[in-house]
Amino acid sequence: MNRMPRRLLWGVLPLLVVGAALAVSGVPGSTAAESDAGRLERLSGALESYVEEGGLAGAVALVARGGEVSYLEAVGHRDVAAGDPMETDDIFRIASQTKAIVSVGVMILQEEGGLLISDPLGRYLPEYMETTVAVPDGAGGYDIVPANRPITIRDLLTHTAGIGYGGGPAAELWEEAGIQGWYFAHRDEPVRETVRRMAALPMDAQPGERYVYGYATDILGALVEEVSGEPLDAFLRARIFEPLGMVDTHFYLPEEKRDRLTVVYSASEDGLAPAPDPGGMVGQGAYVDGPRASFSGGAGLLSTAHDYARFLQMMLNGGELDGARILSSKSVDLMTVNHVGDRFNWGGGVGFGLGFSVLADLGARGTPGSVGEYGWGGAYHSTYWVDPAEDLVVVYFTQLIPTGGVDDHAKLRTLVYQALDEMQ
């Protein structure tokens, strides 16, 4: 099969669905094309079965290899009650998938000479020059001690700054401050002010001591604002979204796109039901009707499978897509290697880079993939990964919290790789 040039492929991507993509993947009667279709149809069948069995309301999956879309399909419904079918250009809350984009923003500023990731955070956000840590005392309480060194920007990028989501040893102090959990869309204050208040609270661990997942990338978002002199939404729009043609990626949805925002569902013993509106971490969120004041660098963005795939293809291409260079290839290399050694608390051959998890040992993880693969996911049950060894990008969006234990992520991975040999 002759591959489409990457520029042409991504330019027409919104028009593609799996049937169309497969129809152009070979001439009639081609054995390879028929095999490809058959293997990819296994993925379609699996996703449709989750909808039919009540595990998912709907989803969009995109698989690209060598810059060419091999698979793009929507299953189920955007809104079950309204009978609205899911479409491939529907918009999803991507939550922690925001982190990779903001991390790229930090690396852009390093390349422009605005900062070094080895710098102490307090050089730019002075309230972080001296912080404290809550240390359990062994009797159910804790002591508050000074941090043994300043937090660095690299600590934040690798989630080794010791900053959780407000649920650590001093959880009651974070609760009193009104700062717990990853959801920011309801906040009627700029993220810079929320981050400023965080600095006075005890952290969960000493800087560099261990991997602690939490507000690190929200703090990086405030850092981007401070160094660039722009609101985070404006910075990302000018430096990443517009150059990459990510036209449907926003912190808060324009009114004219309201009908494309997918409904969030929650799993229970009685099946799926819409999450509360607006709710909080479990809910529809204040992404259309709300204060629109807080740009959460850790979990705030909305996007489409097409837009996010363009971002990932830029990373896979070494920082460039369709003539727009976002990062140097060496910055991409630095972001996508393991920086944390054995401090990553998941184990299983997985480490963490600058904004992405990184696979270091395929056998230790025990699922299909390649050493050097990087990715992450979001609280609403979305996921993605990039496999440079296979020139592969995978994006999977759905809106489900809590999930009820559905195993679609594992099935997706298996079925993508079983069809890989025919994605030529």
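## Basis

The model is predicted: local features need pLDDT of at least 70 and side-chain atom pairs count only at pLDDT 80 or more, while totals for chains, interfaces and linings use all residues. Residues are numbered from 1 along each chain as its sequence is written, and side-chain values use heavy atoms, with hydrogens and water left out.

Helices (H or I, at least four residues) and strands (E, at least two) are DSSP runs, numbered from the N terminus.

## The eight-stranded sheet

Eight strands make up an open, antiparallel sheet in the order β3-β2-β1-β16-β15-β14-β13-β12. Two strands pair if DSSP finds at least two bridges between them. The edges are β3 (84-85) and β12 (350-352), each with a single partner strand, so one side of each has no neighbour in the sheet. The partner of β12 is β13 (residues 357-359), joined to β12 by three bridges in the antiparallel sense; Val350 is opposite Leu359 of β13.

Helix α10 (residues 305-316) lies across β1 (58-65), β14, β15 and β16, and runs at about 155° to β16. Axes here are lines fitted to C-alpha atoms, for helices over the stretch in contact, and angles run from 0 to 180 degrees between N-to-C directions.

On one pairing, β14 (residues 374-377) is antiparallel to β15 and joined to β15 by four bridges, with Gly375 opposite Trp385. The hairpin of β14 and β15 has five residues between the strands, and His381 takes a positive phi near 80°.

On another pairing, five bridges join β15 to the antiparallel strand β16 (residues 392-397), where Leu392 is the bridge partner of Asp387. Four residues separate β15 and β16 in their hairpin, and Asp391 in the turn has a positive phi of about 55°.

## A separate hairpin

Strands β7 (residues 265-268) and β8 (residues 271-274) run antiparallel and are joined by four bridges. Two residues lie between the strands of this hairpin, and Ala267 is opposite Leu272 of β8.

## Helix packing

The axes of α4 (residues 98-111) and α9 (residues 232-244) come within 10 Å and cross at roughly 80°. The two helices are therefore roughly perpendicular, a class that covers 65 to 115 degrees (under 35 is roughly parallel, over 145 roughly antiparallel, the rest oblique). Contact (heavy atoms within 4.5 Å) is made by Ile101, Val102, Val104, Gly105, Ile108 and Leu109 of α4 and by Leu232, Phe235, Leu236, Arg239, Ile240 and Phe241 of α9. These residues divide into ten nonpolar, one polar and one charged. Ala, Val, Leu, Ile, Met, Phe, Trp, Tyr, Cys and Pro count as nonpolar, Asp, Glu, Lys and Arg as charged, and the others, Gly among them, as polar.

In α7 (residues 191-198), the residues Val191, Arg192, Thr194, Val195 and Met198 are buried. Viewed down the axis of α7, these residues fall within an arc of 160°, so they line one face of the helix; the arc is that of the directions from the helix axis to the C-beta atoms. They pack against α6 (171-176) and α8 (216-228).

## His159

His159 is in the loop between α5 (153-157) and α6. His159 is buried, with a relative accessible area of 2%. Not counting residues up to four places away in sequence, His159 touches Lys99, Arg210, Tyr211, Val212, Tyr213, Gly214, Ala216, Thr217 and Phe352.

Key. Buried means under 20% relative accessible area, exposed over 50%, partly exposed in between (1.4 Å probe, protein chains only).
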